[in-house]
Amino acid sequence: TEAALDVYDFEEAGLLYASAGSATLPKPASTISGDSTASCNLACGRALYVLSDGMGSGALAAKQSAAAVELMCRLYETGFSRDEALECVNRLLMLKRENEVYATLDALCIDLETGGAEFIKFGAPPSFVLREGRVHTIYAEALPAGILTEAVPAIHCASLKQNDSIVLLTDGTLEALKEETEQLIIECVGGANTCADAAAALLNAAAERGAKDDMSAVVVRLEQRTG
């Protein structure tokens, strides 16, 4: 079964440099977040950013999500193709599944030479691209990883460029931000000095609005490469 593929054309880009930051908060009354994040630099000027939300919360959810992001990065770094890597992640979670616990997988792979990007989603909520004060939403519909052997992710292709900021959120964050999501991305991401500051600001805004679940955010900012 082939993955669904959607194309979003945001114009072409030149040589880029990517900076990134993430933030995670456990749900109220919990000390362990079930979310995990990872990033790695790949061959041929590419970069990979991964966010996973283990179903439920606590140590078991954290174990599932950590396994997903670690394996995803390791396979990409080793040179596995996208489809091979995603099939391996799904099968690993099928084998490690305990008490019907699954994990979402939200990944962004960027070619920094061209600005070409793939948004890869196993059960993950929409992502957002902040460009020139306007927020573009990347929607996806796919089952979480680890439910079905034949499960495939939703894959969206986009062309990114200098000064774009990309935001990946878990369900818990998005549910807390609700209809204010786009405006808060403009304020928190557009007004932040660093990507880590932007991610933290989004989670603080979500917490102020009564978050009930684990929350995570990954923010990636693209700049023109110098030198």
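**A hairpin and a helix**

Hi everyone! Let's start with strands S3 (residues 35–42) and S4 (residues 46–53): they run antiparallel and are joined by eight bridges. Two strands count as paired if DSSP finds at least two bridges between them. Helices (H or I, at least four residues) and strands (E, at least two) are DSSP runs, numbered from the N terminus.

A quick word on the source: this is a predicted model, where local features need pLDDT of at least 70, side-chain atom pairs count only at pLDDT 80 or more, and totals for chains, interfaces and linings use all residues. Residues are numbered from 1 along each chain as its sequence is written, and side-chain values use heavy atoms, leaving out hydrogens and water.

Back to our strands. Together S3 and S4 make a hairpin with three residues between them, and Cys44 in the turn has a positive phi of about 65°. Leu42 has Arg46 in S4 as its bridge partner.

Now, which residues of H5 are buried? They are Cys195, Ala198, Ala199, Leu202, Leu203, Ala205 and Ala206, where buried means under 20% relative accessible area, exposed over 50%, and partly exposed in between (1.4 Å probe, protein chains only). They cover an arc of only 155° around the axis, so they sit on the same side of H5; the arc is that of the directions from the helix axis to the C-beta atoms. After H5 comes Gly210, with a positive phi near 85°.

Ala192 is buried, with a relative accessible area of 15%. Leaving aside neighbours within four places in sequence, Ala192 is in contact (heavy atoms within 4.5 Å) with Asp197, Ala198 and Arg221.
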